Every structure is written in C-alpha cells, then in structure tokens.
Amino acid sequence: MSLLEVRGITKRFGSLTALNGVDVTLEEGEILGIIGPNGAGKSTLFNVIAGLDAPSAGRVLYRGRAIAGLPPHAVCRLGIAKTFQIPQLFPRLSVAENVLVAALYAAGAGLRHARREAAQWLAFVGLADKADQPAETLSVSERRRADLARVLATRASLILLDENMAGLNRKEVGAAVTLLRQVRERGRTLIVTEHIMRAILGLADRVVVLNYGEKIAEGRPDDVMREPAVVKAYLGEAHG
Amino acid sequence: MRPTLTAAIALAVLAVLVLLPLGIDPYPLRVATVIFMWAALAGSWNLLAGYAGVVDLGPVVHHGVGAFVTAALMLKAGLPFLPSALLAGVVAMAIAYALGTPTLRLRGAYFAIGTLALAESAKQLALAWDRLTGIPLTGGSAGVSLPLTADYHLFYYVMLTLMASVTAAALWLRRSRFGYGLRAVGENDRLAEASGVDIHGLKRRLYVGSAFVIAVTGGTAGYWLSYINAQEFFGTGMTFQMVVMTLLGGLGTPFGPALGATFLTLVSEFLGTRFVYHYLIAIGGIIVAISLFAPAGLSGLLDLPRRLVAAPVGRSGPGGGPAQAARR
C-alpha cells in the first residue's frame, strides 16, 4: 500500500480552479518534490492533504484511509504535518514551548516526556541554545528550523515542507538540505515544494510539476527538467 | 517570579484572607466580599480572553442563569443555598455547552459580537420568561426577592473560595498540557490546529468551566443581595466591569483580575462616598492613566522592580517591556 494517494483532487475558490484533477502517489521513505511557477497550486495541494482546505472533488488516502474533509488536528494526529510557507510560530511562547505543543497534542506525549522530546528536536535542528527565548525573537532562518522541529515533534510519518528554504542564503540552503536528508534517514517521508531548483533537484527522488493547477510532468528530477512542457511553463513559448 | 515563590506568596495571602473575618468590622468585610466577587468574575473572563484569546462579551448569560436558577431552587424546591448554587452552576454548564458548540466556531471579533448579542437576547428572554412560558422564574421586570437569612460570613467565604479557585486555575494553566494547548490557540489558532490541537474542543471545555464559576458567583450574589432582576444580572455593564478590571490588572496574568478588582472596587468606594456625583469621571481618568503608563496592567507594575534589577538593559527595552504585553 502506498503511504499517500491523492486521486483526482480538484479545488476551486469561486471561479478560480486552483487544482484540477491532480493525482500523486507517494511511497514510504521517499522524498517527493513538487515544483511549478507561482500560482501553480503547490500550497493548495499541501493544504488539501493537511486538512486545512477541503477539496471540491477527489480523494486523499493516507495508508489506505480516506482523510479528505477531516479537521486539521485529526489529520495531524494521524501522522501528516506541514510547515508553513510563511513560518508560523506561537510568538510569545518560548521556542521550546512551541515544539512542546506539538509533542503534547499531535504525538499525545505526557508533559515530562514531551519536554524531553522538544529539547531533542531543538538540538537536532540546532536551536538548543535558543530554547528559552520567546519565539518572536528568532530570525527567519531560525524560524524555519523551529517550524521544522515542531513538525518533527508531531511524530508525523509524512512531512510536507512548503518552501521551507525561502529567504535563506546559499550557505543556509546547503545546511537545510543536509538536515532534511537526516530527517529522511530517521524514517520520515517528505514532500517538498521549493522555488530554489538547486535545492530540490539535489534532494528529491522524484518530482511532480504543476502548472495552472494541473500536473504537467512527473519523473526523476533531471529527466523532468528537460521535458518541453516544463521548460515552456517556466521560460515561456520562445524557449519551448 | 519563580513558580514556587509565587505559589508561596499566594498561599500566604490566602491564609490571611481566611483568618481576616476574625479581626475586622462588617463594613470592610462587605467590601472584601465585593472584591472577591469581582475577582472571581473577572478571573473567569481572563481565563478565556487572556489564555485562549477568546473574547467573550456575554459572560452575564451564565451570571443571570446562575442567579435565577439558584433562586428558583431555593424558593420553589426548598433546597439549601449551597446545593442550589452548585446545581445552578451545572445548569449553566449545560447551557454553555449548547451555546458554545456553534458560537465558539466564530473567530475573534465575530465571537465577541455574537456573544454580546447573545447576552442581550438572554436578558430579553429572562424579562419575558414568566409571561411567555407561564412558569414563574424571573419575575419579569419586577425581579425576584430572596429571604435575608444567611450570615454575611457565608458570602465572604463562598466568594473567597470562588476567587481562589479561579486564581489557582490560572496558575495551573501556565504549566499544564491543557494550558499549553489554550495558549497555543490564543497565540495562533491555525498553527495550533496544524499541530494537533483540537481548538474547538479545548475552547469549549474552558468556556463550560468558566460558565460554572460565573454562575455560582451569580447565584451567590443574588442570595447575598436578596434581590435579583434580569435588567441587572444579565446587564452588559457587568461584562464591561469584568473586562476593565482584567485589563487594569493585567490580561493573561494569574493575579491581574484580582488586582484590578481590588483597585477598582476600593477606588469606587473611596471616591464614591466623597464625590457622589463626579467619582465616575475620576475613575475614567484613572483608567486612561493606567492604560497609558502601565499598558500591561497593574501586574506589570509589580514586575517592574524585578525587571529593572534582573534584566540586562538590552532586554528590558521594547522587546520585553510592558508595551510588548500590551500587544496581546
């Protein structure tokens, strides 16, 4: 059984069709990249999988179970968690408490155990020394890492990273890619959207390309980037 | 302050308050009872607004239900006061569950406006109840009178217990699983949801719990004053007093509502007896001054010496000062 099967997902916002009959399948332990120009529907697809948006049509199966339409907290407790494109925090809770909330509620840990777990994940993303600071004092790259620690603390098997590297400099991107490989080595499955091609091509096993809400290509990163439809979507007609 | 020190000071104050009636006159005791009552009400409001970010402008619904159900149980069923008040609290919880299930899905200002309207509807319903249903309960605009039988010490201790319970709950929320969930909801509800927090379930548990305290306080106040009417017990004036006291004392702080209740009640007593017609103007001025100069409330002032001594200059600036807490 595949870990995740997205079948014929359509999402309309009024007259705008953000996703149109998208199919995606994902196996356990994979890193799947989702790329596409702005407005292609990447974030909408993530929100549908994570239960933040209900699809207009189609099914989402997680370990064979239909999850579309479940509330976000239920989806999270089943084992799907996402980071946010604009990194989200509980600003006046400490960095450690930000991660603690996920360990308490998504993973269902007791207070003592959850504190230990939060500290471990903060150390994993390299924020151990910031644990007691209010989260609102973190820099952009630290926020991205805190968000990742929170998602890891949910114990989710499937992690959705929505442009987790946006706003990072070259060196930070390199560190983030290494970190995400380590996450996979710990048995998590990842779906990654990214504008930074270099990062996603070096990270993903497989890539799905979206354009105007439709899947236009799928395959190994190097192959996909040579497909005429993909080149056209990114660079326009003259280059196609 | 460290949690153990805070708890020790709070317990010492509680011990003094328990023993206080031994040594003082009825009048100051009555003022103390008024303070405890407002501290319990404002404290319940603070649990929702200060911890979970749920601004409820209809807490008087529970207050009025508590008062009238307590009165009915005492007068019609002949039950003693305490069981009546506790049962009224349970009735208020059931009503809060039914009201909270749909309304708590509203967010922010929509919930505030919704509950404000709810309170007004509840008042009109209470005023018309006897006429509409044929079941005498609220006495319409004439209200209901209760017998003057209890010793004033009873009210002192009941109100003290209510205040202490709410304060203990606020302290417990700072370091419990439930409290972390609520604060997460208050800070960023979308993120809380995406972190596995059932925001609606959590808010409803708190809403129902606070309804119990507010209803028992209302029931106690009704028996104490020996006269209740819908106009006053469902009145929005009470709501705004809870809000003002909480903001004065410090929103989202465990002792803020009690401080605010003490301050505002004492100032009203002091000024009210001297400047019968103009004291409200002075109170307005004081409230404006506090919100200008101590936006985090009176608890923020209590914290000031510690911050000035303990915090390095760089951290007591805009990042960690009262201005920050005021952004709540």
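Modeller: What follows is a set of questions and answers on this model, which is predicted.

Colleague: Why is Arg63(A) called partly exposed?

Modeller: Buried needs 20 or more C-beta neighbours within 10 Å, exposed needs 12 or fewer, and partly exposed is in between. Arg63(A) has 15 other C-beta atoms within 10 Å, and therefore is partly exposed. Arg63(A) sits in the loop between β4 and β5 of chain A. Its phi is positive, about 50°, although Arg63(A) is not a glycine. Most residues other than glycine have a negative phi.

Colleague: Why is Arg155(A) not called buried, with 19 other C-beta atoms within 10 Å?

Modeller: Arg155(A) has 19, so Arg155(A) is partly exposed. Arg155(A) is in the loop between α5 (140-153) and β7 (158-162) of chain A. Leaving aside neighbours within four places in sequence, Arg155(A) contacts Ala106(A) and Ala107(A). The C-alpha atoms of Arg155(A) and Cys76(A) are 9.2 Å from each other, with the two residues 79 apart along the chain.

Colleague: How do you know which strands stand at the edges of the sheet in chain A?

Modeller: The open sheet has 4 strands in the order β2-β1-β4-β5, with antiparallel pairing. β2 (16-26) and β5 (65-66) each have a single partner strand, so one side of each is left without a neighbour in the sheet. Those two are the edges.

Colleague: What makes β4 and β5 of chain A a pair?

Modeller: Pairing requires at least two bridges. Strand β4(A), residues 57-62, and β5(A) have 2 bridges, in the antiparallel sense. Leu61(A) stands opposite Ala66(A) in β5(A).

Colleague: Why are α3 and α5 of chain B called roughly parallel?

Modeller: Angles under 35 degrees count as roughly parallel. Helix α3(B), residues 60-75, and helix α5(B), residues 108-133, pack at about 25°, with their axes 9 Å apart. The two helices are therefore roughly parallel to each other. From α3(B), the contact uses Val60(B), Val61(B), Gly64(B) and Phe68(B). From α5(B), it uses Leu118(B), Ala119(B), Ala122(B) and Ala126(B). By class, that contact has 7 nonpolar, 1 polar and no charged residues.

Colleague: Where does chain A touch chain B, and which element supplies the largest share?

Modeller: 25 residues of chain A are in contact with 16 residues of chain B. On chain A, α2 (72-78), β6 (80-82) and α3 (95-105) each supply at least two residues of that side. The largest share, 6 residues, comes from α3(A). The residues on this side of chain A divide into 16 nonpolar, 4 polar and 5 charged.

How values were computed:
Residues are numbered from 1 along each chain as its sequence is written. Chains are lettered from A and ligands numbered from 1 in the order in which they are written. This is a predicted model: local features need pLDDT of at least 70, side-chain atom pairs count only at pLDDT 80 or more; totals for chains, interfaces and linings use all residues. Two residues are in contact if their C-beta atoms, placed from the backbone, lie within 7 Å. Ala, Val, Leu, Ile, Met, Phe, Trp, Tyr, Cys and Pro count as nonpolar, Asp, Glu, Lys and Arg as charged, and the others, Gly among them, as polar. Axes are lines fitted to C-alpha atoms, for helices over the stretch in contact, and angles run from 0 to 180 degrees between N-to-C directions. Angles under 35 degrees count as roughly parallel, over 145 as roughly antiparallel, 65 to 115 as roughly perpendicular and the rest as oblique.
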